[in-house]
Amino acid sequence: MGDQFAIELSKSKRHERTRNYVRLEHLRSMRGSEQVAAICYRIGKRGIEFLLVRTRGGRWTFPKGSVESGLTHAQAAALEAFEEAGVHGRIEEAAFARYVRVKPGRDRAASDIEIIINAHLCEVSRLAVPEEKDREPTWFSAEKAQRRLREERAADYGDDLARIVDRAVARVQRLYRGEHRGPRREAKVIEIDNARVTAVSVRTGGKMLRRGRT
């Protein structure tokens, strides 16, 4: 198990008066060219299933967002999973894969922007109502998730997303079927439970960070 941390998500005015918070909206300008994604899965009677959410444009995707100053990549991915999909469970500290998203520049003269997305495997124990509206978190088989991820996307980007599903399936199989050699080494994980992400004290300048709304 990873180090212990806690990110306060309470909206209580009393707590806001007694704690000195830094709202994350004020840190948005510090974003770089990296993002994080939570590759959320469960194992049921039908095998491995993946949890996808809707983008604001209506496409299916993994819970995903920007790297936040003061948070590790896994912590940021855990918060995205909780806010966008209501995920409770545990997420691996280390990214198991990375992929690249290319966004066009703001105008014709500007160069395309390459964003590296760090994918963290997240085992879901249960779902709650997401904090963000209109995300429609839905379970899909690996094959159907790949089809949904390819829809309305450029072929190369859709293929990259589909390969993330393949790599996630392979990793889950190694973890749960013991197909790798030698003694099993547990991945460091952080827990996502009860509107809090629990596993190291996350502070910036001695001030506890609270997740802001966007």
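R171 and E92 form a salt bridge, with their closest N and O atoms 3.0 Å apart; the term is used here for a side-chain nitrogen of Lys or Arg within 4 Å of a carboxyl oxygen of Asp or Glu. This pair links distant parts of the chain, since R171 belongs to helix α4 and E92 to strand β7, 79 residues apart. E92 is buried, with a relative accessible area of 6%. Here buried means under 20% relative accessible area, exposed means over 50%, and partly exposed lies in between (1.4 Å probe, protein chains only).

The model is a predicted one, in which local features need pLDDT of at least 70 and side-chain atom pairs count only at pLDDT 80 or more, while totals for chains, interfaces and linings use all residues. Residues are numbered from 1 along each chain as its sequence is written, and side-chain values use heavy atoms, with hydrogens and water left out.

The protein chain contains four helices and 15 strands, taken as DSSP runs numbered from the N terminus (helices: H or I, at least four residues; strands: E, at least two). Of its 214 residues, 43% count as buried. Contact is defined as heavy atoms within 4.5 Å; among contacts between residues at least 6 apart in sequence, 76% join residues at least 24 apart. The accessible surface of the chain comes to about 12,100 Å², of which carbon and sulfur atoms hold 45%, as found by the Shrake-Rupley method with a 1.4 Å probe, where for residues only the protein chains shown count as cover.

Turning to the interior, nonpolar side chains in soluble globular proteins tend to be buried together. A nonpolar core is a set of buried Ala, Val, Leu, Ile, Met, Phe, Trp, Tyr and Cys residues joined through side-chain atoms within 4.5 Å. The largest such core has 27 residues, and those touching the most other members are I39, F50, F62, F96, Y99, L121 and I164. Two or more residues come from each of β3 (34-44), β4 (47-54), β8 (97-103), β9, α3 (142-150) and α4 (155-177). The most come from α4, which gives eight. Another core, of 21 residues, lies apart from it and includes A38, F82, C122 and V124.

I116 lies in strand β9 (residues 113-127) and is partly exposed, with a relative accessible area of 36%. Together with V100 and V102, I116 forms a nonpolar surface patch of about 210 Å² accessible area. Patches are made of residues with over 30% relative accessible area and no salt bridge, like charges being joined within 9 Å and nonpolar side chains (Val, Leu, Ile, Met, Phe, Trp, Tyr) within 5 Å.

To return to charged pairs, the structure holds eleven salt bridges. One of them joins R90 and E123, whose closest N and O atoms are 3.4 Å apart. This pair too links distant parts of the chain, with R90 in strand β7 (residues 87-92) and E123 in strand β9, 33 residues apart. R90 is partly exposed at 30% relative accessible area, and E123 is partly exposed at 24%. R148 and E151 also meet in a salt bridge (2.8 Å, N to O). Salt bridges with shared partners join R56, E84, E132 and R135 into one network.
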